[in-house]
Amino acid sequence: MADQPTTATAPAASPSAASPSAASPPPAASAQHYVPEQAELVAAPDDEGDEDEEGDADSALGEDAASSTNSITASIMEYRTIQGRTYHSEKHNSKYFTPNDEQQLQSVDITHHYLTMLIEDKLFLAPIADDVQKVLDIGTGSGIWAIDFADQFPNAEVIGTDLSPTQPLWVPPNVKFELDDCTQPWTWAENTFDFVHMRYLFGAIADWEELLRQAFRVTTPGSWVQSCEADVEILSDDGTVAPDSSYELFWNMLYRNAGKKLGVSFQPMGDNVQRKAFEAAGFEDVQEHSYKFPVGGWPADKRLAEVGQYVQLTMLNDVEGYTLFLWNTVMGENAPGYQEYLAYMRKELKNKKIHGYMRCKYVYGRKPAASTAA
């Protein structure tokens, strides 16, 4: 077996870096803080030798409705179009690799669901205070994390930002969405937010240290910032992801090579960008927790099998959306073979004999209690 998910904690800040009172965590960061451990990721015994697996998990995640409306003022609606799929407006410097249309947003919602299940129905791992007041969600996508957080913490004001106004109009009264590019200078004042959450920004960030410096600046002293990122290269511990599979020749090839072309990281775990950026920005008590998430319902563990079914579903729903821009970038626009690889990929996604998985890492850190932004 490959190494199992690990948990690591950064050394405590030295006395020269902060006073004893500054280094003391807030009450919520007690030793009782619970972080889910992952069950061993092993395949269930073969039942009848049937290779095909039809994803039977329902997204059941549609648009969230709540007690009040909060409309988004859309100042940019002129989207880029690539072979019928729409992408974020060229107004932004960032050219994010996935579409912003309804098909991709459905996959975003399903992704939120499997990530929540992966950490035992939690929305976050950082030990934030129960009375959190102001929260920022960077790269909010469909807005589903921000909406769920606002429902769970009705006294908190939650702001979600993204490059496109694709969030629902009907949201809880304590949520609002703003158009913003997190790779540009942030406009919020110092010490504004009690919790900054960012998730799945791989493929969008050229300078992770600057991103975390911005997050450090806007976070209140003693509060937390959390990053969840994934290396979406599909691996296997038992050799069932073959060198000649579409997983390897198509999916993995694209994600390994796209970063070089676009100048961004598609392997934040392999490049260790999260921890390095947290530490460079000045966060203390930096902790990280790594997980494997299966592609398909092949694991013996029931929770992981269900997680895998949702991972399978989000990919079957829009494998084109995850690969079209990257194919044109790496292989050249309209290069032959794309549709054939899509067909092979969909077939392999349904093959229960292929025990593929991806990896994700949660990293969070606390801004020192006696701190001024850099």
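Axes are lines fitted to C-alpha atoms, for helices over the stretch in contact, and angles run from 0 to 180 degrees between N-to-C directions. Helices (H or I, at least four residues) and strands (E, at least two) are DSSP runs, numbered from the N terminus.

The model is predicted, so I note that local features need pLDDT of at least 70 and side-chain atom pairs pLDDT 80 or more, while totals for chains, interfaces and linings use all residues. Residues are numbered from 1 along each chain as its sequence is written, and side-chain values use heavy atoms, without hydrogens and water.

**α5 with α7**

The crossing is left-handed (the near helix is turned anticlockwise from the far one by less than a right angle). For contacts (heavy atoms within 4.5 Å), I listed the α5 side as Phe250, Trp251, Met253, Leu254, Tyr255, Asn257, Ala258, Lys261 and Leu262. Their partners in α7 include Met315, Val319, Tyr322, Phe325 and Trp327. I sorted this contact into 14 nonpolar, three polar and one charged residues. Ala, Val, Leu, Ile, Met, Phe, Trp, Tyr, Cys and Pro count as nonpolar, Asp, Glu, Lys and Arg as charged, the others, Gly among them, as polar.

**α5 with α8**

I then turned to helix α8 (residues 338-349), which packs against α5 at about 120 degrees with the axes 10 Å apart. These two are therefore oblique as well, and α5 passes α8 in a left-handed crossing. Ser246, Tyr247, Leu249, Phe250 and Trp251 of α5 take part, with Tyr338, Tyr341 and Leu342 among the α8 residues. The classes here are 10 nonpolar, one polar and one charged.

**Cavities**

How many cavities of 30 Å³ or more are there? I noted three. A cavity is a set of points on a 1 Å grid over the protein atoms alone where a 1.4 Å probe fits but cannot get out, and lining residues have an atom within 4 Å of a point. Points join across faces, edges and corners, and a volume is the space filled by probe spheres set on them.

The largest cavity holds about 730 Å³. It is lined by 45 residues, with Tyr96, Thr98, Val108, Gly139 and Tyr200 closest to its centre. The largest share, seven residues, comes from α2. I counted 24 nonpolar, 16 polar and five charged residues in the lining.

Technical notes:
On a 1 Å grid over the protein atoms alone, a cavity is a set of points where a 1.4 Å probe fits but cannot get out, and a pocket is an open set with protein on both sides within 12 Å along at least five of seven lines; lining residues have an atom within 4 Å of a point. Angles under 35 degrees count as roughly parallel, over 145 as roughly antiparallel, 65 to 115 as roughly perpendicular and the rest as oblique.
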